[in-house]
Amino acid sequence: MERRTFLVSTAAAVAAAGLATPAMAQDKKAVIGVSIPSATHGFMGGLNWHAQETIKRLKATYPNLDFVLATAGAVGKQVNDIEDMMATRNIDALVVLPFESEPLTSPVKAVKDAGKWVTVVDRGLAQAGIEDLYVAGDNTAFGRVAGEYFKANLKPGAKIVVLRGIPTTLDNERVDAFKAAVDGSGIEILDMQHGNWNRDKAFSVMQDYLSKHKQIDAVWAADDDMAIGVLEAIAQASRQKEMWVVGGAGMKEIVKRIMDKDPQLPVDVTYPPALISTALEITALRFVSNTPVYGRFIIGSTLITPDNAAQYYFPDSPF
């Protein structure tokens, strides 16, 4: 119920902003292609689950909509999926989360050039302006919200370490915002290495940090998969009481521990895999109403605390 409430609220927010007009029944059957990476890690597992659940709900709500969902574990597979949707299913719209930006730009542009609606999710294309709608999380806010928590909850002179993600523009935006938020606080960033959003790599990086630094007061893991690896390294070193950890994205294991007031995990920062649901909901409005849904929809990052964690806890989700 909470998941449905969130998504309906998203549509309601569009209407409240003066962007919507009353829904209209449509006689024509519209086919929406959905192309996303397969569930290769926790976040993508959650994103796949939210995509499937949302498609079920939208098909039940709007009988005039049909969906073609394809998942890909490699760039070539995703390109082939999109070309197949155009050739055999005659899709009216494409919702795509590019596996990689550069190689998906040309095939997605071909969809747009054929007169189809295009919604791009999370990872942008290499060429600006192809898509009709762009839906993503706010990476600057993701880093800023975490940094503000560190600044408010650590004393001047506190020492922290940071784990970065994969070297990308997205990661740069997060890290730059985090550093700007803690600037002037007197907090010392001892080390900053790439954990590649991977718990095994994060485990190794954190082991290195623990061997090099006798005092660590807190860790910005910047991702919940990485936070799991960090916590395991801290536990193996028996240094659990020395430091707390902040990850990011809203993994159910992390959110549950926040609900239970685990002192090692005081808060988390949202970057919800449910953003695919938002993209699907808004795209659907294009075919069931007169709502102008083109443009950019950026989902803000929220601090998850013990007080509000229950509303971000989805026990049935794989993430």
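Helix 2 (residues 42-61) packs against helix 10 (residues 275-288) at an angle of about 30 degrees, and their axes lie 8 Å apart. Helices here are DSSP runs of H or I with at least four residues, numbered from the N terminus; axes are lines fitted to C-alpha atoms over the stretch in contact, with angles running from 0 to 180 degrees between N-to-C directions. The angle makes helix 2 roughly parallel to helix 10, a label for angles under 35 degrees. Helix 2 passes helix 10 in a right-handed crossing, meaning that the near helix is turned clockwise from the far one by less than a right angle.

This is a predicted model, in which local features need pLDDT of at least 70, side-chain atom pairs count only at pLDDT 80 or more, and totals for chains, interfaces and linings use all residues. Residues are numbered from 1 along each chain as its sequence is written, and side-chain values use heavy atoms, with hydrogens and water left out.

Lys 56 is exposed, with a relative accessible area of 55%; exposed means over 50% and buried under 20%, with a 1.4 Å probe and protein chains only.

Helix 8 reaches 18 Å from its first C-alpha to its last, close to the 18 Å expected at 1.5 Å a residue, where the expected span is 1.5 Å times one less than the number of residues. Finally, the C-alpha atoms of Lys 56 and Ala 235 are separated by 41 Å.

Notes:
Helices (H or I, at least four residues) and strands (E, at least two) are DSSP runs, numbered from the N terminus. Angles under 35 degrees count as roughly parallel, over 145 as roughly antiparallel, 65 to 115 as roughly perpendicular and the rest as oblique.
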